[in-house]
Amino acid sequence: MGAVYRARHLLTEQIVALKVLNVGPGDEAVARRFKLEVSVAAKIKHPGIVKVFDAGTDASSERFYLAMELLEGESLRDFIERPRADHARAVRLLADTLEVMVAAHAQGVVHRDLKPENLFLEDAPGEPRLRVLDFGIARDLAGPTVTTTGVVVGTPAYMAPEQATASKQVGPAADVWAIGAMLYEVLTGERPFDGPSAHAVVVEAVTMPH
């Protein structure tokens, strides 16, 4: 999809994270998702959302770029997979995720891809600060959908049944489901639904108890 670089602004010398997509304006679906990701941070206005400083299209390659604040730390995935991980702390951090999503849902934004890889624990004195990343496949309930009918978006292990069946009416409950699936994984050491393929995971989540 793209790459993220550590970069320095030539005038301000501010260090930023520069996300560059491998596609440009010619792909209309990607263009709509890119614009949504740019607008979400400004719309939600929560410290748990990464700040966006600038966005646009590179003049030479016509690829989209997004300049964001650079975070130092690790993902929740890295945190919970460390030997002797502090699972009580992981539960507290997931509670912080709920706070961020309350703010997002209040603005009509559904993330649709909450997972340990998209929760970042920013280095801070004492307890790490939770930041929610990657609103690239979010849904703005106040605007037109950018998902094609019949297309499933998200990560199967954390995908709510209504999202797995390609419903275009996916709402805030799908994010609550994903957080519940992560809590289950943190507390038990395994995912509530699993299988040899993405399809198998989805079928199990839709038809079977955890």
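**View 1. Helix 6 and its buried side.** A residue counts as buried here when its relative accessible area is under 20%. This is a predicted model, and in helix 6, which spans residues 198-207, Val201, Val202 and Ala205 are buried. They sit on the same side of helix 6, because they cover an arc of only 95° around the axis. As for what covers the buried residues of helix 6, helix 4 (161-164) and helix 5 are included.

**View 2. The largest nonpolar core.** This core has 30 residues, and the ones touching the most other members are Ile44, Leu76, Leu114, Leu119, Val132, Phe135 and Met182. At least two core residues come from each of helix 1 (28-44), helix 2 (76-80), helix 3 (87-106), strand 7 (119-122), strand 8 (129-132) and helix 5 (172-188). Helix 3 is the top contributor, giving seven residues. Another core lies apart from this one; it has 10 residues, including Val30, Val50, Phe64 and Met68.

**View 3. Val132 and what surrounds it.** Zoom in on Val132, one of the core residues that touch the most other members. Skipping neighbours within four places in sequence, Val132 is in contact with Gly48, Ile49, Val50, Thr97, Val100, His111, Leu114, Asn118 and Leu119.

**View 4. His111, a histidine in a loop.** Look between strand 6 (109-110) and strand 7: the loop there holds His111. Is His111 buried or exposed? His111 counts as buried, because its relative accessibility is 0%. Its side chain reaches two backbone atoms: the oxygen of Leu133 at 2.8 Å and the nitrogen of Leu114 at 3.4 Å. With neighbours within four places in sequence set aside, the contacts of His111 are Met101, Asn118, Val132, Leu133, Asp134, Phe135, Ile137, Ala138 and Asp175.

**View 5. The hairpin of strand 3 and strand 4.** Strand 3 (residues 52-57) and strand 4 (residues 64-69) run antiparallel and are joined by five bridges. To get your bearings, pick out Ala55, whose bridge partner in strand 4 is Leu66. Six residues lie between the strands of this hairpin, and Glu62 takes a positive phi near 60°.

How values were computed. Residues numbered from 1 in each chain as written. Predicted model: local features only at pLDDT ≥ 70, side-chain atom pairs only at ≥ 80, totals over all residues. Heavy atoms only, no water. Core = buried A, V, L, I, M, F, W, Y, C linked by side-chain atoms within 4.5 Å. Buried < 20%, exposed > 50% of the residue type's maximum accessible area, 1.4 Å probe, protein only. Helix = DSSP H or I, 4+ residues; strand = E, 2+ residues; numbered from the N terminus. Contact = heavy atoms within 4.5 Å. Arc of directions from axis to C-beta. Polar contact = N/O pair within 3.5 Å; in protein donor to acceptor, adjacent residues only side chain to side chain. Pairing = 2+ DSSP bridges.
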